[in-house]
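Colleague: Before we discuss any assignments, could you put the model up, so that we can go through the terms one by one and set each against its definition?

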Amino acid sequence: MEKRVLVLNMDHSPVAVVSPQKAIVLLLMEKANCLSVYDLLQIRTVSRSFEYPAVICLNHYKNIPYRGVLLNRINLFRRDHGECQYCGSKRQLTIDHVVPRSKGGKSSWTNLTTACHRCNVLKGDKSPEQVGLTIKTKPFKPSLAYFLSEYAEKQAEEWLPFLNSKMLQG
């Protein structure tokens, strides 16, 4: 599996994840500097060999409008680690409005949570407290750095020093 490369803006905020080929092009065109490499990996061409970049930083600040992490089913399940936030089940997952829509609850990061079918039916249009359920993790709006650090923990530990400071800020 090909390792990906984290691209940071000039202020060290994450802006993209790119292929190693794209990263090498940015480095060769002097549009970015390499901040970290993957140990023991190289990229070879017919005539040259390059260190395999893990994290690069753009040389000029790019104003990229940040709209936040897209609220969708996949990202919601990813935030909640694919388990019911009431009982911990990983089967028959649905999305639950903590404050039911019938009671004015909105479809937002802070009001949606992952629930198994059984807990969702049990809760119905009541609050979790009314039916004796407690939420394991309070719903929150994740940042891009949150999802990138999750990926980094499994695939690219070299990214973590560059993401942890942004997670504390964002």
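Colleague: What share of the 170 residues in the chain do you call buried?

Modeller: Buried residues make up 41% of the 170 residues, where buried means under 20% relative accessible area, exposed means over 50% and partly exposed lies in between, with a 1.4 Å probe and protein chains only. Please keep in mind that this is a predicted model, in which local features need pLDDT of at least 70 and side-chain atom pairs count only at pLDDT 80 or more, while totals for chains, interfaces and linings use all residues. Residues are numbered from 1 along each chain as its sequence is written, and side-chain values use heavy atoms, with hydrogens and water left out.

Colleague: How many helices and strands are there in the chain, and what pattern do they follow along the sequence?

Modeller: The chain has five helices and six strands, arranged in sequence as β-β-α-β-β-α-β-β-α-α-α; helices (H or I, at least four residues) and strands (E, at least two) are DSSP runs, numbered from the N terminus.

Colleague: What makes strand 6 count as largely enclosed?

Modeller: Five of the five residues of strand 6, residues 112–116, are buried, so the rest of the structure largely encloses it. Both of its faces are covered, with L112, T114 and C116 buried on one side and T113 and A115 on the other.

Colleague: Why is T113 called buried?

Modeller: T113 has 0% relative accessibility and therefore counts as buried. Apart from neighbours within four places in sequence, T113 is in contact (heavy atoms within 4.5 Å) with residues including L76, R79, Y86, I95 and P139.

Colleague: Which strand is joined to strand 6, and by how many bridges?

Modeller: Strand 5, residues 93–97, runs antiparallel to strand 6 and is joined to it by five bridges, whereas DSSP need find at least two bridges between two strands for them to pair. Within this arrangement, I95 stands opposite T114.

Colleague: Which residues touch the most other members of the largest nonpolar core?

Modeller: They are L6, Y38, V55, W159 and L163, in a core of 17 residues; a nonpolar core is a set of buried Ala, Val, Leu, Ile, Met, Phe, Trp, Tyr and Cys residues joined through side-chain atoms within 4.5 Å. Strand 1 (5–8), strand 3 (32–44), strand 4 (49–58), helix 4 (144–155) and helix 5 (160–169) each supply at least two residues of this core, and strand 4 gives the most, with four. A second, separate core has nine residues, among them Y86, L93, V98 and A115.

Colleague: What radius of gyration does the chain have, and what would a compact globule of 170 residues have?

Modeller: The chain has 20 Å, whereas a compact globule of 170 residues would have a radius of gyration near 15 Å; the radius is taken over C-alpha atoms, and the globule rule is 2.2 Å times the number of residues to the power 0.38. The C-alpha atoms fill a box of roughly 65 × 30 × 20 Å along the principal axes.
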